[in-house]
Amino acid sequence: MSIRFGVCTSFDNIPTLIEAGYDYIESNLTNLVQMPDEEFTQAKATVETYHFYAESFYCFFPGEMRLTGPDVDYDQITAYIEKGMARAAALGAKVTVIGSGGSRKIPGGFDFAAGYEQFAKVLCLAGDIASKYGIMVVVEPLHARETNLINTVAQGIEIVKKVNRPNVKVNADFYHMYQSGETLDAIRCNEGWLGHLHLARANDDRAMPYEEDIEKVKEWADAVKESGYQGRLSLEGSYLPEFAECMHRTRKIIECFNE
């Protein structure tokens, strides 16, 4: 099995992704849940028309939905996940990424250990509901400027071990790993807990890698191959200077993951 390549973008860009040689689209779960029924029906028709599916979803929870702290509403969270997984499955989802740094951030003054347990409970809920649809849930470690909970792949592995659900794993994002100072050993030695990848340049512009970045991308690809990971890799970041050009140039660069 080879790595499948996708892009975090809107359904309108599917024709460009097909032309550039990608395998799937990664879409925004919050937007999907909040779509009016008519718009959701159109999105479903789009992926079916092109036979190009939303195999992955990011932005799992809306920013206003609290996952930690004194205002957590598990009934609300459960209902949201139920709707999200049902809609995502209808569009071809295999993976959903829980980043949602603001939602999971433990509020100041709130007991950190208690907040950690709350987030673990949310992951259990998400994993159990997603399992009914054959969907994997992956926790995305985010650097410390975006959240104070789960900043490294190592910390992500720790919490998914605690959750102990076969369909709950970890997402490794090369940009966030760089921002957090984490080495590629986190990928090489992930003990089989790696479930998804996000990719952008490992610097502050978070743009896509081009020809001048090939040696760095090869380092990432070698670490992934050494880990034995075979799954999906999505581009997530800035698509400059123009979307179509970016998609074609970057697609050639990331092919090293399959060489």
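Which strand holds S27? S27 lies in strand β2, residues 24-28. Strands (E, at least two residues) and helices (H or I, at least four) are DSSP runs, numbered from the N terminus.

This is a predicted model: local features need pLDDT of at least 70, side-chain atom pairs count only at pLDDT 80 or more, and totals for chains, interfaces and linings use all residues. Residues are numbered from 1 along each chain as its sequence is written, and side-chain values use heavy atoms, with hydrogens and water left out.

View 1. S27 counts as buried because its relative accessibility is 6%, where buried means under 20% relative accessible area (1.4 Å probe, protein chains only). Contact means heavy atoms within 4.5 Å. Neighbours within four places in sequence aside, S27 contacts T9, F11, S56, F57 and Y58.

**View 2. V160 in helix α7.** The helix covers residues 153-163. V160 has a relative accessible area of 0%, so V160 is buried. Its contacts, sequence neighbours within four places excluded, are V139, R165, V168, K169, V170 and W193. L123 and V160 are 37 residues apart in sequence; their C-alpha atoms are 8.1 Å apart.

**View 3. Lining of the largest cavity.** A cavity is a set of points on a 1 Å grid over the protein atoms alone, where a 1.4 Å probe fits but cannot get out; lining residues have an atom within 4 Å of a point. P141, N151, T152, V153, D173, H176, M177 and E182 form the lining. Three of the lining residues are nonpolar (Ala, Val, Leu, Ile, Met, Phe, Trp, Tyr, Cys or Pro), two are charged (Asp, Glu, Lys or Arg) and three are polar (the others, Gly among them).

Terms used: 1 Å grid on protein atoms, 1.4 Å probe; cavity = no way out; pocket = protein on both sides within 12 Å on 5 of 7 lines; lining within 4 Å. Buried < 20%, exposed > 50% of the residue type's maximum accessible area, 1.4 Å probe, protein only.
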